[in-house]
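I opened my notebook to look up a few things in this structure, one at a time. Come along and check each entry against the picture.

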Amino acid sequence: MTTKFDLNDDSLVVIVGSGAGGGTLANELAQKGIKSVVLEAGKRFKMEDIENDEWKMFGKISWLDKRYVEGPARLAKDFPNLPAWIVKGVGGATMHWAGVAMRFQEHEFRMRSENGVIPGANVLDWPVTLKELEPYYYKAEQKMGVCGTEATGMPFHGQSSHYKVVAEGARRIGAKCEQATLAINTEVRDGRPSCQVNGFCMQGCRIGAKWSTMYTEIPKAEATGNVEVRPQSMALRIEHDKNGKVTGVLYADKDGNHLFQKARLVAVAANSIESPRLLLNSASSMFPDGLANGSGQVGQNYMTHTTAGVYGEFEKPVHMYKSTVVPGIVHEWKDNDPSRGHYAGYELEILHLGLPFMSAFLNPGRSGWGRELADSLENYDKMAGFWVCGEDMPVESNNITLHPTEKDQYGLPVPVVYKTDHINDTRMRNHAYDKATELLEAVGARKVNYLPPYPASHNMGTNRMSAHARDGVVNKWGQSHEIKNLFVSDGSQFTTSGTENPTLTIVALAIRQADYIADQMKRNAI
Amino acid sequence: MKNRKRDDQSPDLTRRRFLTHSGTAVVGLGMLSSGLLSARTWAAAAVGEHASATLMRMARDIYPHDTLDDKYYAAVLTPLAEKANSDAELKKLLSDGVRELDSRCDKLFARTYLELESEPDRVLVLRAMEDGAFFQRIKGDLMMGIYNNPELWPRFGYGGSAWEKGGYINRGYDKIDWL
């Protein structure tokens, strides 16, 4: 679209990032007549750019700028420069996500009250309840087109062969298994087609059946004339005035020119590594530790979900790739039941990888070779299995910091990501390995493979919400405790990770935040 | 120096050694006679007969699929060797790597890598080298060349790109007959 805003227009909202949080916020504000500029670091891709090819799409859309992973976890050895598996492009990680859209459970908003102090973890209750979020979850499900929900009335996808194998195993051990509520059309809806089961949800949906802001929120926002998206625009720092209010964002355009876009309000939605990084890079004499960081919590409590992979090899073919990537979920252990030996819950998400990625992740890193691995890959078509997705304990020392000397292509300090397990994470993962094995063996698995965590697509917690300014970065609206016209609109505002995939909650929070911002602007409070 | 001497050995001897140590001698012969890619084709290019035979054995030890033709491994090694012709650093990486491999085998077993008949013995030596740049280069290229090779996907039972065929909605996504 052709809307162009002036760099000196200080009536605008400037949104950094165009994914689930930023893209949704831009469209919600645009529908209310509020004008915004969206700064997106990545390119604008076309549908024709999307291919059913794992490595090609990895190379094309991933965020591959220099980063360091540190800590004793195996991830740091296997993927020393790739902590997160997210996207650099208009649409952000909504291009890559598998479409799994589940609401948080009621207790997951108050894990501190639920369990008390957990030593070594920095657990806090959310300043929001499920009850408050329910209407927004409903709106998010409608917006995104989540199948299997009351909000859309769309049916589930139907049981794929991969689903059927797992569902039978679950039945035999008495575990609850259901088809996944996916933001993937099972009917023509909202101008997008019904899923044809290509099996490449995470490479970007080639036909647009899966919700992505790339071809939903962003073009809808642009169609109002209220939004200008500037791709290949990397935010460098947020400036503020002498009263401590933010005034705009300095960014580098595709030619490396530094431009300053004035703003009435800035919303940061650049995912949980870049968002705190931007706040830290915006340190000034007034805010020496970075913007919104009076509590010292910016960049801290980095969570990724407690993850792992478990794949069984069967006697006969499963052809798991002939399926939506996540056809179903085993929900049996999603509750908070410390009698299992760990706090919080996890889901076993039925999930396939193609052969190229299976060869890279079955035994990732330098030692992944040899006859055992090759024998398992010979059985690729006979595999079925899971990606484990469990609640991750917030730990203050799991964090994003700035490299003291090394700079990236924009001249910004390279982010350093420190992440390792809390003992609860380890216990939960081991429990999940055991239960997944029991389930897969119950339906005939002859060998079960255990995959360690790979680079995280769920990144959360580094600008967390808190009731009190001393405990976190933003309030219940995602508004900075310290700076009234500075907002955080992505998963970095999560107080705890929950068990569920984060996107639906990010979208629900963004819809709610847009209402709040509109109200506050009308009242001239910001 | 030991290695250089081996490079000078007659092609017949090297070929015999290559075939002896290859798990697919018969297939290898067939390919040689049919003029398809073979270890010798790419070997002649840059790294010499001994190194090329060693790399082929190493490739088959890294991702051992006993019924998979040599040509698929050679298809990974050939461009690597060709690149080494114009890339001195890569050439050094490969020749130094093979030399180190043989020297480690010599220390442990008083044999070259190609002379080690037991796979566990060869794997033992490779494991000790797996963190190095030489091993990781070969492994990385092989992983892409074998498991990311669309020509091999049907063999492994993987479908590859599906959108242009209408996905699997009408092509058996729900079919399974053994539950």
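**Entry: a strand with two partners**

I began with strand S10 (residues 306-313) of chain A, which is joined to strand S13 by eight bridges, the two running antiparallel. The model is a predicted one, so I kept that in mind throughout. As an example of a pair, I found that Gly309(A) has Trp387(A) as its bridge partner in S13(A).

Strand S12 (residues 346-350) of chain A also runs antiparallel to S13(A), and five bridges join them. There I noted Leu348(A), which stands opposite Val388(A) in S13(A).

Is S13(A) buried or exposed? I went through strand S13 (residues 383-390) and found eight of its eight residues buried, so the rest of the structure largely encloses this strand.

**Entry: a hairpin**

Next I looked at strand S7 (residues 246-252) and strand S8 (residues 258-262) of chain A, which pair in the antiparallel sense over five bridges. Tyr251(A) has Leu259(A) as its bridge partner in S8(A). Five residues lie between the strands of this hairpin, and Gly256(A) takes a positive phi near 85° there.

**Entry: a helix with a buried face**

Which residues of helix H2 (residues 54-61) of chain A are buried? I wrote down Glu54(A), Met57(A) and Ile61(A). Looking down the axis of H2(A), I saw that its buried residues fall within an arc of 70°, so they line one face of the helix. A reminder to myself: an α-helix has 3.6 residues a turn, so residues three or four places apart point the same way. Helix H9 (355-361) of chain A is included in what covers the buried residues of H2(A).

**Entry: the nonpolar core**

I then turned to the largest nonpolar core, which has 197 residues. The members that touch the most other members are Val14(A), Val16(A), Val266(A), Val268(A) and Ala59(B). Helix H12 (residues 503-522) of chain A gives the largest share of this core, nine residues.

Leaving aside neighbours within four places in sequence, its contacts include Leu39(A), Ala235(A), Val249(A) and Val268(A).

**Entry: one residue on its own**

Glu372(A) sits in helix H10 (residues 371-378) of chain A.

**Entry: chain A as a whole**

Stepping back, I listed twelve helices and 17 strands in chain A. Of its 526 residues, 61% count as buried. A compact globule with 526 residues would have a radius of gyration near 24 Å, and the 22 Å of chain A agrees with that. Along the principal axes, the C-alpha atoms of chain A fill a box of roughly 70 × 50 × 45 Å.

**Entry: where the chains meet**

Methods
Residues are numbered from 1 along each chain as its sequence is written. Chains are lettered from A and ligands numbered from 1 in the order in which they are written. This is a predicted model: local features need pLDDT of at least 70, side-chain atom pairs count only at pLDDT 80 or more; totals for chains, interfaces and linings use all residues. A nonpolar core is a set of buried Ala, Val, Leu, Ile, Met, Phe, Trp, Tyr and Cys residues joined through C-beta atoms within 7 Å. A residue is buried if 20 or more other C-beta atoms lie within 10 Å of its own, exposed if 12 or fewer, and partly exposed in between; C-beta atoms are placed from the backbone. Helices (H or I, at least four residues) and strands (E, at least two) are DSSP runs, numbered from the N terminus. Two residues are in contact if their C-beta atoms, placed from the backbone, lie within 7 Å. The arc is that of the directions from the helix axis to the C-beta atoms. The radius of gyration is taken over C-alpha atoms; the globule rule is 2.2 Å times the number of residues to the power 0.38. Two strands pair if DSSP finds at least two bridges between them.
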